[in-house]
Amino acid sequence: MTTLDRDETHTPAALPRPVVPGRPLPLRVAVPLAVAAGLALLVAFPPYGVWPLAPVGVALLAAAAHRRRLRAGAGLGFLTGVAFFAPLLAWTNLHTGYLPWVLLSLLQAGYLALLGVATAWVSPLVDRVRWAWPALTGLLWVGQEALRDRTPFGGFPWGRLAFSQDGSPLLRLAALGGAPLVTFVVALIGGLLVTAAWRGWVTARRRAAEPTTAPGDATPGADGPLDGPARPGGASARPWTPVVVPAVVAVALTAGGLLVPVATAGSGDTVTVAIVQGNVPRLGLDFNAQRQAVLNNHVDATIELAERVAAGQQRRPDLVVWPENSSDIDPLRNPTAGARISQAADTIGAPILVGAVLLGPDAGQVRNAGILWRPGTGADLGQLYTKRHPVPFAEYVPLRDVARMVSKKVDLIRNDFVPGSTPGVVRAGPTVLGDVICFEVAYDEVVRDTVTGGAQLLVVQTNNATFDVAEARQQMAMVRLRAVEHGRPALMASTVGVSGFVAPDGRVSDATGFNTREVVVRQLRLDDGRTLATRLGWWPEVALAALAAAALVGAAVLRRRQRVRPG
């Protein structure tokens, strides 16, 4: 007769069955929790920005998948992924139809399905060591993101937990260990919340069952430390200690982020930088159908700035930054386009970092580039950065014949963008720029390589004309994290918005509106120091991911021992 059988024989038939520890939450509870987890994660990100909900979402998924079979864990994780990624990435269907959005959302949700499997898999470790749950939760999230950021075709890091914390005290942790450390701590706090909530639930259920237990009977025992051993008399001496302690630690960790020192401004020379947001004739995939109009918008806005400088209304900039795709006409091969950019540079009297589409190097190929255009001399081919991480199925089509079977719209991309091979270190007069283009800001190493190459100012050139303001704000949140991570002033220049400057502590200044034509000018202090995160590079992520793999192996060993143990 099993322990459960013995307990049931002592329980009168007329009384409700006592709490049976060691079981997962009922599926009718776990499914809504998984969906709620995805929605909580969604609302943590811009444009909503309710960052405390990120650890809540982590906690809900951890509770839903705990002690489940692996297939159930996968299903619950997938539900969370769909509820999170489908609305988060809704901007991908604005002008391309539903298929790319659906496929991308389902692919990203698949990684949370793997996380659900891993969460279910390590349940024996959690049950064996009560306080392991928070750490395991943090490690598994870092491991999931490390995989998702790199696979397939170079990965898609959008929606990392770290990118939801742009308004949180935890953002400062990026200066110590980059985005992986921020993700780990957010998920660790989620693990503390689920530990507190689970113990609270068990305690409440046990107390509800106590009055119905016949005199002299033992309170139902526990299968693991999470459910807690029964104390004499059926109650713990301090029943709410396991609930209060992790909750307090979670709050303390969050507030503790404020203790991490970060610079509020650079410590080097002062430069004046202008961002030109020229806008486009119309939003959508055909924004560049009037490529000359887009170029003219940025030239005209720069000349207007020069007129204000001449009138003494504005300080003359040392550098002007135009966004990605500000010249979709190759200015190196088209004399008219080159002449217009030279007109703008000569009039303002400062170099312009131009976001241009360049033809070649071979037929049928193009490059997405940032090129420095100097007054008087024109294009400086020695200061040219070619985007290193083109976006698959948007800037180039891998496996084109296979992709065409899914959607013939892949042929809208007639010329594949070819990647560059060197970091975006651009020397522009008094400052060294760390240039990254559009989605590259989401990739840790692409940004870090510019800083280790000598960049004093981080520049993100982007084109949001095919997306919406939600995508632009999500991207600005990444710029904020990068500024803190590397202790650098940063800026984002967009064709349509949002553009703006970011201080080394993550504060945004002079943010522009969306789908507007605006020019903003600001004095910045450069910096060439290195934060701990810059020096450590990818090692924090490697260490955390390795610990996650070790936890999975440890859970496998424990599961095997449990299967072969007598009885």
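Two strands pair when DSSP finds at least two bridges between them. Helices (H or I, at least four residues) and strands (E, at least two) are DSSP runs, numbered from the N terminus. The model is predicted: local features need pLDDT of at least 70, side-chain atom pairs count only at pLDDT 80 or more, and totals for chains, interfaces and linings use all residues. Residues are numbered from 1 along each chain as its sequence is written, and side-chain values use heavy atoms, with hydrogens and water left out.

**Overview. The chain holds 16 helices and 13 strands.** Of its 567 residues, 54% are buried (under 20% relative accessible area; exposed is over 50%, partly exposed in between; 1.4 Å probe, protein chains only). Contacts are heavy atoms within 4.5 Å. Among contacts with a separation of 6 or more, 72% link residues 24 or more positions apart. The accessible surface is about 23300 Å². Carbon and sulfur atoms account for 60% of that surface. Areas come from the Shrake-Rupley method with a 1.4 Å probe; for residues, only the protein chains shown count as cover.

**Sheet. Six strands form an open sheet with mixed pairing.** The order is β7-β8-β9-β10-β11-β12. β7 (425-428) and β12 (508-509) are the edge strands. Each has a single partner, so one side of each lacks a neighbour in the sheet. Strands of a sheet pair through backbone hydrogen bonds, either parallel or antiparallel.

**Hairpin. β7 meets β8 in a hairpin with two residues between the strands.** A428 has T431 of β8 as its bridge partner. In this hairpin, G429 takes a positive phi near 65 degrees.

**Enclosed strand. β8 (residues 431-437) is covered on both faces.** Seven of its seven residues are buried, so β8 is largely enclosed by the rest of the structure. One side carries T431, L433, D435 and I437. The other carries V432, G434 and V436.

**Parallel neighbours. β9 (residues 457-462) runs parallel to β10.** Five bridges join these two strands. One partner pair is T462 with S494 of β10.

**Helix residue. T302 lies in helix α10 (residues 291-310).** T302 has 0% relative accessibility, so it counts as buried. Its side chain reaches the backbone oxygen of H298 at 2.7 Å. That is a polar contact: a pair of N or O atoms within 3.5 Å; within protein, one must be able to donate a hydrogen and the other to accept it, and residues adjacent in sequence count only if both atoms are side-chain atoms. Leaving aside residues up to four places away in sequence, T302 touches V276, W322, A344, I348 and I352.

**Surface patch. Six nonpolar residues make a patch of about 540 Å².** They are L176, L532, L536, W538, W539 and V542. V542 belongs to α16. Its relative accessibility is 31%, so V542 counts as partly exposed. Like charges are joined within 9 Å, nonpolar side chains (Val, Leu, Ile, Met, Phe, Trp, Tyr) within 5 Å.

**Cis bonds. The peptide bonds from G360 to P361 and from G497 to V498 are cis.** Most residues other than glycine have a negative phi, and most peptide bonds are trans. Omega is near 15 degrees at the G360 to P361 bond. P361 sits in the loop between β3 (352-359) and β4 (365-374). Omega is near 5 degrees at the G497 to V498 bond. V498 sits in the loop between β10 (490-494) and β11 (500-502).

**Positive phi. R67 and F153 take positive phi values although neither is a glycine.** R67 has a phi of about 65 degrees. It lies in the loop between α3 (53-65) and α4 (70-88). At 12% relative accessibility, R67 counts as buried. Phi of F153 is near 55 degrees. The loop between α7 (132-148) and α8 (174-209) holds F153. F153 is partly exposed, at 36%.

Conventions. Patch = residues over 30% accessible without salt bridge, like charges linked within 9 Å, V, L, I, M, F, W, Y side chains within 5 Å. Salt bridge = Lys/Arg side-chain N within 4 Å of Asp/Glu carboxyl O.
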